[in-house]
Structure formats: C-alpha cells, structure tokens
Amino acid sequence: MGLISKESDRVPCAREMRPYATAFVARLTARNRLPLDYSVASLRVVDFLIDGLRKGGAERERAGKTLFGLGAYVGEVLVRRAGAVWLDFDAEQRAFFGQPVGVRMPDGRVWSPLGRVHNRFDTGGPEESLQTFYLTLHGRARGAA
C-alpha cells in the first residue's frame, strides 16, 4: 500500500520490536499528520488506517509490511500502557498465533497484537476493533491507562 518504505523481509525479533515500531511511526507520520502517540485513543487511528487499506482494495500480501508495522505499534501501546513485554514465540505459540512475536501481560497471559491487526484487516468488523481489544484486554497492569 506504500505506507512504509522497502525493507528487508527479515522479521524482527522481540528485542527489535520497539525500535521497529518507532521507525514505522516516524515513516508513517513524516508526510501525514497522524496522532500515533502510543495512547489508547490512538488505537482508533489504527482501526481507521486498517479500514482504509481494506476499502482501498489492498490485498493482504501487498499490505503485509504495513500491517506488520501497525501490529508492532499496537504491541508497543500494550508495552507502554498495559505493562506488557515483547517476547519471541516458541514453536507452539507460533503455530497457534501464526506470528513470530507477541507480548506477555503482567499476569502472564500471552497475546498477539500482530494477529489482531490481521484479524481487523481480514474481517473489518467492529468486533475486531483494536481500541476495544485494549479496553477489554485481560491481564493489564493495575492502573494502566
């Protein structure tokens, strides 16, 4: 979809996700004034961006890097706002989530923000809203905004 520049096809590992998300946001907001500030409210912007990709007719394969970047951003919101930490999935988790990395919440639950972004892209329904996902998310740190 052209929202991010060409990058290598290598998938970042957990320790590389924060810088990946930061670089993605810098590229995405360089020409567009998007309020991607790692707030919970900014997840609604992610919903709108994904909806725009869908309505624009983007195929999942062509939108793959953009979706990965948006998933990295959603994961980073969980890290910064909900007390999560990035983790590399083991083989069983990779098979279950279909993704190489995810986040572990303070209560030990594991989530796949990358998978949630793909679900939003695939179905587009309000039940797949990333903002709603955060607001109903189990395992957040107490007092997390």
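Predicted model: local features only at pLDDT ≥ 70, side-chain atom pairs only at ≥ 80, totals over all residues.

Tutor: Residues are numbered from 1 along each chain as its sequence is written, and side-chain values use heavy atoms, leaving out hydrogens and water.

Student: What is the relative orientation of α2 and α3?

Tutor: Helices (H or I, at least four residues) and strands (E, at least two) are DSSP runs, numbered from the N terminus. Helix α2 (residues 42-55) packs with helix α3 (residues 64-82) at an angle of about 165°, their axes being 11 Å apart. Axes are lines fitted to C-alpha atoms, for helices over the stretch in contact, and angles run from 0 to 180 degrees between N-to-C directions. Angles over 145 degrees count as roughly antiparallel, and α2 and α3 are therefore roughly antiparallel.

Student: How many residues of the contact of α2 with α3 are nonpolar?

Tutor: Contact means heavy atoms within 4.5 Å, and here it involves residues including Leu-43 and Val-46 of α2 and Leu-70 and Tyr-73 of α3. Ala, Val, Leu, Ile, Met, Phe, Trp, Tyr, Cys and Pro count as nonpolar, Asp, Glu, Lys and Arg as charged, and the others, Gly among them, as polar. In this contact no residue is charged, 2 are polar and the nonpolar ones number 10.

Student: Which residue in β2 is the bridge partner of Asp-88?

Tutor: Strands pair if DSSP finds at least two bridges between them. Between β1 and strand β2 (residues 101-104), which run antiparallel, there are 4 bridges. For Asp-88, the bridge partner in β2 is Val-101.

Definitions and conventions
Parallel < 35°, antiparallel > 145°, perpendicular 65-115°, else oblique.
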